[in-house]
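Biologist: Could you take me through this model? I have the sequence and the coordinates open.

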Amino acid sequence: MSKWSRLEKLLDAAQKHSTVIGKVWLTVLFIFRILVLGAAAEDVWGDEQSDFTCNTQQPGCENVCYDKAFPISHTRFWVLQIIFVSTPTLIYLGHVLHIVRREQKKKEREEQLKGDSDHGQERPLVQDNRGKVRISGALLRTYVFSIILKTLFEVGFIVGQYYLYGFQLKPLYHCDRSPCPNTVDCFISRPTEKTIFIIFMLAVAGLSLLLNVLELYHLGCKKLEQGITYPVSPDAPEFRMGATKADGGSPPL
């Protein structure tokens, strides 16, 4: 599990600046994918090639049949899947850190210039009192883009797994690949146990995909609600122009 520690630290930092559904998605990624893959799945597939036997003595036949049956190991395939679906979140985290750092530099410049007059102007804060970044503007677009990318990666890997292996391992595999003299029978070790893991990882991928769709729906509804409640933002030029026109007359005595 030590090899996953760096990725876990980065994703844990991203969890702080995610929505509630995004935090649930990261929890599913931590517990049901990384933890299960590191603690159990790798042990189950540890004897994959050594216990793959074929009823032939032809040199090289078992190797080519194994290569045909498993173009890529299931565990390596799931490792690639975790890396790909985590990358958009890391991109979002990089954008968050960039915005926070830019805000810190801006505050430092204001303090150096002693712009006390600027403190009277209200400027929207990047972070709240708990240090969480407000998801809006360009950061919101990056967040939505990361969710769309994660959704596409999930769908792509689910479809890829289906075309590579299917969703079930059969104990007997027929192989007629050269240099095998004829069609030989090859036997896979612990096919039932491995099938259970395949179905489990598929179910977790489906759950992650569902959470991505729900988060997109949640963000869409939230923005729609904000648009209905606040048609024009108080910080927008249209709002200031309207306020100026409304106050164009002489002030009340």
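Biologist: Which residues does Thr89 touch, leaving aside those up to four places away in sequence?
Modeller: This is a predicted model. In it, Thr89 touches Leu11, Ala14, Trp25, Leu26 and Lys150, not counting residues up to four places away in sequence.

Biologist: Where does Thr89 lie, and is Thr89 buried or exposed?
Modeller: Thr89 lies in helix 4, which covers residues 74-113. Thr89 counts as buried because its relative accessibility is 5%, and the cut-off for buried is under 20%.

Biologist: Lys150 was among those contacts. Which residues of helix 5 are buried?
Modeller: Lys150 is one of them.

Biologist: What span should helix 5 have, and what is the distance between its end C-alpha atoms?
Modeller: Helix 5 has 27 residues (138-164), so at 1.5 Å a residue it should span 39 Å. Its end C-alpha atoms are 38 Å apart, which agrees. Just after helix 5, Gly166 takes a positive phi of about 80 degrees.

Biologist: Turning to the cysteines, how many disulfides are there?
Modeller: The count comes to three disulfides. With the bonded cysteines numbered in sequence order, the pairing is 1-6, 2-5, 3-4.

Biologist: What does the disulfide of Cys54 and Cys186 tie together?
Modeller: The sulfur atoms of Cys54 and Cys186 are 2.0 Å apart. Cys54 lies in strand 1 (residues 53-54) and Cys186 in strand 3 (residues 184-187), so the pair ties together parts that are 132 residues apart in sequence. Both Cys54 and Cys186 are buried.

Biologist: And which parts does the pair of Cys61 and Cys180 link?
Modeller: Cys61 and Cys180 form a disulfide with their sulfur atoms 1.9 Å apart. Cys61 is in helix 3 (residues 61-69) and Cys180 in the loop between strand 2 (172-175) and strand 3, 119 residues apart.

Biologist: Is the link of Cys65 and Cys175 left-handed or right-handed?
Modeller: The torsion about the S-S bond of Cys65 and Cys175 is about -90 degrees, so this disulfide is left-handed. By contrast, the link of Cys54 and Cys186 is right-handed, with 100 degrees about the S-S bond, and the link of Cys61 and Cys180 is right-handed, also with 100 degrees.

Biologist: Now the surface: which residues make the nonpolar patch?
Modeller: Ile31, Phe32, Leu35 and Phe200 make a nonpolar surface patch of about 320 Å². Helix 2 (residues 20-44) gives the largest share, three residues. Ile31 is placed in helix 2, and at 38% relative accessibility Ile31 counts as partly exposed.

Conventions. Residues numbered from 1 in each chain as written. Predicted model: local features only at pLDDT ≥ 70, side-chain atom pairs only at ≥ 80, totals over all residues. Heavy atoms only, no water. Helix = DSSP H or I, 4+ residues; strand = E, 2+ residues; numbered from the N terminus. Expected span 1.5 Å × (residues − 1). Buried < 20%, exposed > 50% of the residue type's maximum accessible area, 1.4 Å probe, protein only. Contact = heavy atoms within 4.5 Å. Patch = residues over 30% accessible without salt bridge, like charges linked within 9 Å, V, L, I, M, F, W, Y side chains within 5 Å. Areas by Shrake-Rupley, 256 points an atom, 1.4 Å probe, with all protein chains shown as cover. Salt bridge = Lys/Arg side-chain N within 4 Å of Asp/Glu carboxyl O. Disulfide = S-S within 2.5 Å.
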